[in-house]
Amino acid sequence: MAPSHVLVPLDGSPLADEAFSQALALFDCRVTVLNVVTPIDASMSEGGILEPGEERRENARDRADRVVERAREQATEADRTIETAVATGDPAETILEYVSAHDVDHVVMGGHGGERSGLARRLLGTVATRVVGEAPVTVTVVR
């Protein structure tokens, strides 16, 4: 069954950009782009190394805005309209929460090389692995 609402988490990486391109090409439905800003003090950020500060938070938010703006431009070039969202939190958890709260029925995301333990993590990455394992909807991972 064709989806009615596709979520594409974007982090500015080439694989995420490829996932977005594929979602636009494959699905003629509502598409939402989500960029998740990881809190400065979170374990996935460099907060353990660098001092958290307002300037760093603003830089992270500016980067997120650039990522979604680039997606809007790409969608316009493809004669598509998309919805965009920027949220703060743990990336996998935030993606899963967004799926549940916004009637998403398909996720298309880039996979990233992760830790060197476990086949799934080597093939996908920790965020993609968690989303694939926990999402209540179909997840397409672009590699």
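Visitor: What covers the buried residues of α3?

Guide: First, the ground rules. This is a predicted model, where local features need pLDDT of at least 70, side-chain atom pairs count only at pLDDT 80 or more, and totals for chains, interfaces and linings use all residues. Residues are numbered from 1 along each chain as its sequence is written, and side-chain values use heavy atoms, leaving out hydrogens and water. Now your question. The cover of α3's buried residues includes β1 (5-9), β2 (30-37), β3 (83-88), β4 (106-110) and α5 (126-134). Helices (H or I, at least four residues) and strands (E, at least two) are DSSP runs, numbered from the N terminus.

Visitor: Which residues of α3 are buried?

Guide: Buried means under 20% relative accessible area, exposed over 50%, and partly exposed in between (1.4 Å probe, protein chains only). In α3 (residues 91-101) the buried set is P91, A92, T94, I95, L96, Y98 and V99. Just after α3, D103 has a positive phi of about 55°.

Visitor: How many elements does the chain have, and of which kinds?

Guide: The protein chain has five helices and five strands. Read from the N terminus, they run β-α-β-α-β-α-β-α-α-β. Of its 143 residues, 41% count as buried.

Visitor: In what order do the strands lie in the sheet?

Guide: Read pairing from bridges: two strands pair if DSSP finds at least two bridges between them. Here five strands form an open sheet, ordered β3-β2-β1-β4-β5, with parallel pairing. β3 and β5 are the edge strands, each pairing on one side only. On average, neighbouring strands are turned by 25° against each other, direction ignored. For such angles, axes are lines fitted to C-alpha atoms, for helices over the stretch in contact, and values run from 0 to 180 degrees between N-to-C directions.

Visitor: What does β4 pair with?

Guide: Take its two partners in turn. With β1, β4 pairs in the parallel sense over two bridges. There, H106 is the bridge partner of V6. With β5 (residues 138-142), β4 also pairs in the parallel sense, over five bridges. On that side, H106 stands opposite T138, and V107 stands opposite V139.

Visitor: Which way do the residues of β4 point?

Guide: H106, V108 and G110 point one way, V107 and M109 the other. Five of the five residues in β4 are buried.

Visitor: Which helices lie on the sheet, and at what angles?

Guide: Look at α1 and α3. α1 lies across β1, β2, β4 and β5, and runs at about 140° to β4. α3 packs on the sheet and touches β1, β2, β3 and β4, its direction making about 150° with that of β2.

Visitor: How do α1 and α2 pack?

Guide: Two packed helices are described by the angle between their axes and the distance between the axes. For α1 and α2 the angle is about 35° and the axes are 11 Å apart. D17, F20, S21 and L24 of α1 meet R70, A71, Q74 and A75 of α2. A contact means heavy atoms within 4.5 Å.

Visitor: Which residues have the most contacts inside the largest nonpolar core?

Guide: A nonpolar core is a set of buried Ala, Val, Leu, Ile, Met, Phe, Trp, Tyr and Cys residues joined through side-chain atoms within 4.5 Å. The largest one has 19 residues, and V6, V8, L10, F20, V33, I82 and V108 have the most contacts inside it. β1, α1 (14-26), β2 and α2 (54-77) each give two or more residues to this core. The largest share, five residues, comes from α1.

Visitor: What does V33 touch?

Guide: Leaving out residues up to four places away in sequence, V33 touches V8, L10, F20, V68, A71, I82, E83, T84 and A85. There is also a second, separate core of 18 residues, including L34, A85, V107 and V131.

Visitor: Where is S4, and is S4 buried or partly exposed?

Guide: S4 sits in the segment before β1. S4 counts as partly exposed because its relative accessibility is 46%. Beyond its neighbours within four places in sequence, S4 is in contact with C29, R30 and D105. S4 and H106 are 102 residues apart in sequence, yet 8.1 Å apart in space, C-alpha to C-alpha.

Visitor: What share of the chain's contacts join residues at least 24 apart?

Guide: Among contacts between residues at least 6 apart in sequence, the share is 71%.
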